Amino acid sequence: MTDFFQFLVNGLVSGGIYAIVAIGFVTIYQVSKVINLAQGEFLMLGGLIAVTLLGTGMSYGLAFVLSVLMVTLIGMLLQRFVVRYGPMSNQISLIILTIGLSILIRGVASMFWGKDAYALAPFTSNEPITFSGISMAQQSLWVILAVLLLLFVFWFLMNKTLLGKKMYACSVNLLATRLMGINPNKMALLAFAMSAASGAIAGIAIAPLNVTSYDVGVMLGIKGFSAAILGGLQNPIGVTAAGFLIGLVEAFGAGLISSGLKDAIVFLLIIGVLMIKPTGLFGEPSVGKGGL
Amino acid sequence: MKTGLRFGVMSVLLVVILLVSACTGGKEVNSGVNGSLKIGAVFSMTGPNSPLGVPEKQAVEMQVKKLNQSGGFNGKPIELIIEDDKSDNTEAVKAIRKLHKTDGVVAVLGSSGSGPSLGMVEYASKQKLPLISMAAADQITNPAQSGIYKTPHTDIHGTKRIYQFLKEKGWAKVGILYDSNTYGSGWGKQLKKYAPEYGLTLVSEEKYGTKDSSMSTQLTKIKSSGAQVLIIAGTNPAPSTVVKEAKQLGLTIPIVSSHGSANKKFLELAGESAEGIYMVAGKLLIPDQLKADDPQTPVIKDFVTNYKESYLVLPDGFAGYSYDGLNMIIEALKSVDGDTSKLGEAIEKVNYIGVTGQFRFSKTDHNGLKEDSMVILQVKGGKYQLVN
């Protein structure tokens, strides 16, 4: 029974990591109908910049804030100077453009930080939290906290503020949005900024759990993307739920069936769901101006 | 019209790609000094295997310089021609062909990774070109082919050495956790194969993916399996994540890690979680703690001093692999008075004490090492300490 709860805790922590990446995907998708496949690189940059800043003897809090700001700026620059000039009418080309960007960012990062992995100290003590035989790292708690916080902020922004409505309007009807006096470029810029910031926060929060290196974004990107697709790419809450689901299936699959098969089990589930419900678990049939 | 334009762009791109690849194929040819002894080397200096290839290259460059300062080989300067295989199998075969056909080398060292090495083995054995590989895979020298050798310890040596240690400690119930890549699965196979021979029982067997962000579920299963010791087989950084998570999960059994993670990086990544972790490794990692009566001690000390002088860092195991390979080629050439046609067979008879271990080849064993050339270390106070 202890094992069962331990798997549950492990699954929730991994799921939280996937959810936090998925939220980034959805934010950009909702506004510009672009799947930003460079999302994983924001996590990588967040973690590695934090490692470097901490290396200069800066305090943890300051390093955290500065890294998030720097990654946000990088995200905005990418939108302003690259994605904005991409082929606006063609989402597929834009997605391929983001793949190119992710390879570029990874290449530059591998030149700057090398191919070695780096360790980042946990936010608080390294002592595990133990409760009747079930243990978890204090850092895991921070990860889950970060997911919930980001989720709340994004949900509030998108559903309860005028700014959120403006952003959402861009994805529904670009022309009508323009006619209403909303600048879609500004909204897309904001979406990239938000998604880069959330990626950086996630990257710093999860780095202490294992290690971080120039290529850490690839796997996280794939898992986060899977969560975003499984959740239906529509709202942050749906993809968060899907992220946790993937984490739990992984943990129980590895725990109860076989650790060698855990990825196969997850992706079988995703394929199965998408065959039955192509819009994802929480997605509605697309009524907007297309997209994927 | 649009399709026509696209087609045009595509064909231009294709031509450019072809041109570029053709150009890299015909890299500049090292004009050999007349009468020099040419030895070729293929290392992975770029790409994922570059952490292996770079120290390997540095070690042989250092040794060739030293040999040439003391007169080279039989008065002839040694010329080392190094190629980069970019961690790619095809590039490695191209490189060895170039070294053989264009440069006319007498023997080749390399490559760093198992995949590229296996490609080179096929070429070298067909062309009767002596080859010493720096890669881990057992298939390189199993079955043993004439003229093909390798210097690193294999997973069999590591497995036997760890099991010997477990037996001494009386830890009979073993949990194993290994990477599902070539390196880890090789270990998995050997760990399963040799456990009965040492009277050990594998109570739990788990795998992980090289890029997995968490292995805590596998560790949970091992924790409740009743294992008395955990063996991890993988290359960095995953083993450092495993020991971090083991601590967070309250897994208190001793952990032994394979030589794939035995370096400074592991200590740096795992931090305080590394304390108490056991590791099987070559002796090169602890030059200061070696026994004085060990025949390897002076060889290792000499190598470490020279390497540190040249590159300001301590050498790791990879540097030792290529260093030993080069020295064995020179030794073998000495034994046949520089008759390069007999070099392939001559290496088999060389009796060489290297930094990796004591090499004693036989007709069926072209790795030549024994498990006693590995040691068990433990991390204490952020440093590797010799245990036995």
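The model is predicted, with local features needing pLDDT of at least 70 and side-chain atom pairs counting only at pLDDT 80 or more, while totals for chains, interfaces and linings use all residues. Residues are numbered from 1 along each chain as its sequence is written, chains are lettered from A in the order in which they are written, and side-chain values use heavy atoms, with hydrogens and water left out.

Me: What makes Lys265(B) and Asp116(A) a salt bridge?
Reply: The rule wants a side-chain nitrogen of Lys or Arg within 4 Å of a carboxyl oxygen of Asp or Glu. Lys265(B) and Asp116(A) come in at 4.0 Å, N to O, so the pair counts. Across the interface of chain B and chain A the rule finds four salt bridges.

Me: Which elements of chain B supply at least two residues each to the side that touches chain A?
Reply: Strand E7 (201-208) and helices H7 (216-223), H8 (238-248) and H9 (264-270) of chain B. Helices here are DSSP runs of H or I with at least four residues, strands are E runs of at least two, and both are numbered from the N terminus.

Me: How many residues are in contact between the chains?
Reply: 29 residues of chain B and 33 of chain A, where contact means heavy atoms within 4.5 Å. About 2500 Å² is buried between chain B and chain A, 48% of it on carbon and sulfur atoms; that is the accessible area (1.4 Å probe) the two parts lose on being put together, summed over both.

Me: Why are strand E1 (residues 37-43) and strand E3 (residues 108-110) of chain B called paired?
Reply: Pairing needs at least two DSSP bridges between two strands. Three bridges join E1(B) to E3(B), so they pair, and they run parallel. Ala41(B) stands opposite Leu109(B) in E3(B).

Me: What is the strand order in the open sheet of chain B?
Reply: E2-E1-E3-E4-E5, with parallel pairing. Strand E2 (78-84) and strand E5 (148-150) of chain B are the edges, because each pairs on one side only.
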